[in-house]
Amino acid sequence: MKTTKPETTASGNRSDAPAKKAAGEALISSMGFKPFAVIAGLVVVLDQTTKLLVMVKMPLYHSITVIQGFFNLTYIRNPGGAFGFMAAGSQGTRNLLFVGVSAIAMGLIVYFYRSTPKTYPYLASALAMIFGGALGNLIDRLRFGEVVDFLDVYVGAYHWPAFNVADSGITVGITIFIAHLVLGKMPN
């Protein structure tokens, strides 16, 4: 068993601080893994639960008015990406692309999260929301080859593309991330 001596400070006093990490060793976020897992997990659980309720309680393409002239619950399936991107493409190519991009994006999010200091809790939370949203939609892609959407916001005949809880988590997370960028509040 290898033991390390306490570090000695410039004044000659001993420090019980942990030894510095070796070069190349992964940085661990001051926030730790637990907050990331809780936030991302909440997004995934809310997303998958609401999608399950919609699939069980509503026929495909059925719509329920919640706020007349503004908001409906409308069960649809989106084979494409955001705003129907690549919806008409080959299913195999589309799924390979979306699964691959999701995996890369999720890896980058974990890397950035682990590099985010504890003094940036909103940024760390935003990254966890984006990760949870990406995972929620990835689960749909792996299960169904498409994403379940059901939140339908509109004004008159002008509809925003239907979305889901995962999309909401991604959007809120990206908004917080962009706010940090614009306000110059990114960690070094």
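View 1. The structure is a predicted model, in which local features need pLDDT of at least 70 and side-chain atom pairs count only at pLDDT 80 or more, whereas totals for chains, interfaces and linings use all residues. Residues are numbered from 1 along each chain as its sequence is written, and side-chain values use heavy atoms, with hydrogens and water left out. Leu 183 is exposed, because its relative accessible area is 59%; buried means under 20%, exposed over 50%, and partly exposed in between (1.4 Å probe, protein chains only). Together with Ile 174, Ile 178, Leu 181 and Val 182, Leu 183 makes a nonpolar surface patch of about 490 Å². Patches are made of residues with over 30% relative accessible area and no salt bridge, like charges being joined within 9 Å and nonpolar side chains (Val, Leu, Ile, Met, Phe, Trp, Tyr) within 5 Å.

**View 2. The overall fold.** The protein has four helices and six strands, arranged along the sequence as β-β-α-β-β-α-α-β-β-α. Of its 188 residues, 31% count as buried. The protein exposes about 12000 Å², of which carbon and sulfur atoms supply 68%; accessible areas come from the Shrake-Rupley method with a 1.4 Å probe, and for residues only the protein chains shown count as cover. Among contacts with a separation of 6 or more, 62% join residues 24 or more positions apart, a contact being heavy atoms within 4.5 Å.

**View 3. Helix H1 and its buried residues.** Helix H1 (residues 33–57) comprises 25 residues and reaches 35 Å from its first C-alpha to its last, close to the 36 Å expected at 1.5 Å a residue. The expected span is 1.5 Å times one less than the number of residues. The buried residues of H1 include Phe 36, Ala 40, Val 43, Val 44, Val 54 and Met 55.

**View 4. The salt-bridge network of Asp 47, Lys 51 and Asp 140.** These three residues, Asp 47, Lys 51 and Asp 140, are linked in a network of salt bridges, each requiring a side-chain nitrogen of Lys or Arg within 4 Å of a carboxyl oxygen of Asp or Glu. Lys 51 bridges to Asp 47, with the closest N and O atoms 2.8 Å apart; both lie in helix H1, four residues apart, about one turn of the helix. Lys 51 counts as buried because its relative accessible area is 1%, and Asp 47 because its value is 0%. The side chains of Lys 51 and Asp 140 also meet in a salt bridge (2.8 Å, N to O). This pair links distant parts of the chain, with Lys 51 in helix H1 and Asp 140 in helix H3 (residues 121–144), 89 residues apart.

**View 5. The salt bridge between Glu 146 and Arg 77.** The closest N and O atoms of Glu 146 and Arg 77 are 3.6 Å apart in this salt bridge. Glu 146 lies in the loop between H3 and S5 and Arg 77 in strand S4, so the pair ties together parts that are 69 residues apart in sequence. Glu 146 counts as partly exposed at 21% relative accessibility, as does Arg 77 at 22%.

**View 6. The four-stranded sheet.** An open sheet has the order S3-S4-S5-S6, with antiparallel pairing. Its edge strands, S3 (63–67) and S6 (158–159), each pair on one side only; two strands pair if DSSP finds at least two bridges between them. Six bridges join S4 (residues 71–78) to S5 (residues 147–155), and the bridge partner of Arg 77 in S5 is Val 148.

Technical notes:
Helix = DSSP H or I, 4+ residues; strand = E, 2+ residues; numbered from the N terminus.
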